[in-house]
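Trainee: Could you take a close look at the aromatic rings here and walk me through how they pair up?

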There are 2 protein chains.
Amino acid sequence: MRITDLGEFGLIARVAALQPAPNRKLIVGIGDDAAVWQPEGLAIATTDTLVEDVHFRRRYASWEDVGWKALAVNVSDVAAMGGSPRYALVTLGLPAETAVEDLRALYDGLAAAAATYGVVVAGGDIVGSPVAFVTIALYGEAAAADRLLRRDAARAGDLVAVTGSVGASAAGLLALDGDLPLPAAALAPLRAAHLRPRPRLDEARVLVAAGVRCAIDLSDGLAGDLGHVCRASGVAARVELARLPVAAAVREHFPDRWPDLALRGGEDYELLCAAPGPVVERARARLAEEGLAPLAVVGEIVAGPPGQITLLAADGRSETLATGGFEHFRR
Amino acid sequence: MRITDLGEFGLIARVAALQPAPNRKLIVGIGDDAAVWQPEGLAIATTDTLVEDVHFRRRYASWEDVGWKALAVNVSDVAAMGGSPRYALVTLGLPAETAVEDLRALYDGLAAAAATYGVVVAGGDIVGSPVAFVTIALYGEAAAADRLLRRDAARAGDLVAVTGSVGASAAGLLALDGDLPLPAAALAPLRAAHLRPRPRLDEARVLVAAGVRCAIDLSDGLAGDLGHVCRASGVAARVELARLPVAAAVREHFPDRWPDLALRGGEDYELLCAAPGPVVERARARLAEEGLAPLAVVGEIVAGPPGQITLLAADGRSETLATGGFEHFRR
């Protein structure tokens, strides 16, 4: 069955049926002109979009992958502000010939991410479009303004640290899109890093509790995202290549490209933070206690031209990095 | 200059420059991982999308028109819940060859609507896409749950009333898309109704104050939207064709089609409400006092099969209307 046979209202009825159990604070959910809820604390709002053949290809990404990732990348933005995700509005742009089972798979992926990260799908829109796209607007909450994770709060002397590892998502994209003949055991984690990112929501909570106040999620690549932090904060930074947390599989299968993948690959959805040494140490200890992702110190914030990132190589040489980050329109 | 020459971050910088002065409640605006604000009352959230060649054609719609309408239709949804719009997240999907002046025109239209309806653009996303689309997620606020305008609050015996007039937007689309040779004086208001809808935000406030608790905005057409209200409320309705507020230009230039345009045309962005007679009378009087759009009684809510709409024609005959409303996938 094609979705053209269902019509818009049939689709909305199916979406409503897939909706998780309403949260007790959700006063009006799917089916009215707008959703209504009782907010708590500060409101956080973000939106991110995946467009077919720009952000994913059906050749290697299932509809379930697309549904998961569309929500996960928004959760990552809310985590990177120090907030908790609550309600999502889901917009689907779909060609009329889309199969109903594909729509169901997309919602299965979305529902899995929603359940994992405590998000309720509170509304949305389904429109005809010659190209498939998924846009999610995600609403979250934070306790107070002085407990946010902002981009403009880095200070000279802060350490720069990164959760988990970097480069695996970009390596996964190279492998999937380029059909690289990697062993299955090596491909699986790279593929998962690219198609099923796990936003660092629990880690963000620990960072806030430990006193971190400056963070960003790694979507554009470490160099670009650290550049955003440094420009917003009016500072520069030094990064040591040897300290970047890069998975062994990435180093092994991309022996020449791993530094580039780690610095400029993007879509890691790790958290990069800047904080004084004792705060970073406290955060590292608490993350370890809770069995969460590790936090690796990769460099430091220094006084200097705002946004300038200096890379120190293993051989002692240094270079200034371009920090334009990932640009969709130049891809 | 093409937007591909600017790159994503250049675009975001331009968008930030176009942002209205931050609201004093807006704690973090454009330029961080997410926007942050201090909410008041209940949160209302809605999203609507315009896709090129599905919802508009560049042949007759300027980019300014598209920017205005993309925000206005979302404001209409917030009005139809009885709320006040506050913050918008704007997602633009644009082909790389889009000219920067087109992007600026789109933002001019958007900024004009934002200023008119008191909305602050607090964030968004710009992505490459083979087809142009604009998705807006709009956040609004309402005072209390017992002052919302809901779809499920119609009761047998209520009058059904409509603000302004119906059919002009669909007539405008027919004239624009079909290049009908209408006199300029006739075309202008139809064109404006279709391309520059004026959501009934002030009228919604008056309806709420007068005691109305059931309303919907007319996006799918009067028959379809009244059908939504009746299904949600478990009631039926009767509508008198002779009482529909249809502009003289629509009756004159579409002598055979005006009933269909008025009942099924869609995109009127008027408010349809259901309320006891004295409440409707009070609302009519207050709207007149404030010089706002008139409220026309067009029928009544009756006990009957949920969602069934009966149309009474001028000659006394009656028919049951199909209330599937406008369906993008069957267009």
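Mentor: Let's settle one term before we start: a charge sits over a ring if NZ of Lys or CZ of Arg is within 6 Å of the ring centre and within 35 degrees of the ring normal. Keep in mind, too, that this is a predicted model. With that in hand, A:Arg251 lies over the face of A:Trp258, 4.4 Å from the ring centre. Over in chain B, the charged end of B:Arg251 sits over the ring of B:Trp258, at 4.4 Å from its centre.

Now for rings against rings. Over all chains, the count comes to 12 aromatic pairs. One of them is A:Phe133 with B:Phe133, a stacked pair with 3.8 Å centre to centre and 5° between the planes. A:Phe133 lies in strand β6 (residues 133-142) of chain A and B:Phe133 in strand β6 (residues 133-142) of chain B, so this pair joins two chains. Both A:Phe133 and B:Phe133 are buried.

Stay with strand β6 of chain B, because B:Tyr139 lies there while B:Trp37 lies in strand β2 (residues 35-37) of chain B, so their pair ties together parts that are 102 residues apart in sequence. That B:Trp37 and B:Tyr139 pair is tilted, with 4.6 Å centre to centre and 55° between the planes. B:Trp37 counts as buried at 2% relative accessibility, and B:Tyr139 counts as buried at 4%.

Terms used
Residues numbered from 1 in each chain as written. Chains lettered and ligands numbered in written order. Predicted model: local features only at pLDDT ≥ 70, side-chain atom pairs only at ≥ 80, totals over all residues. Heavy atoms only, no water. Phe/Tyr/Trp six-rings, centres within 6.5 Å; stacked < 30°, edge-to-face > 60°. Helix = DSSP H or I, 4+ residues; strand = E, 2+ residues; numbered from the N terminus. Buried < 20%, exposed > 50% of the residue type's maximum accessible area, 1.4 Å probe, protein only.
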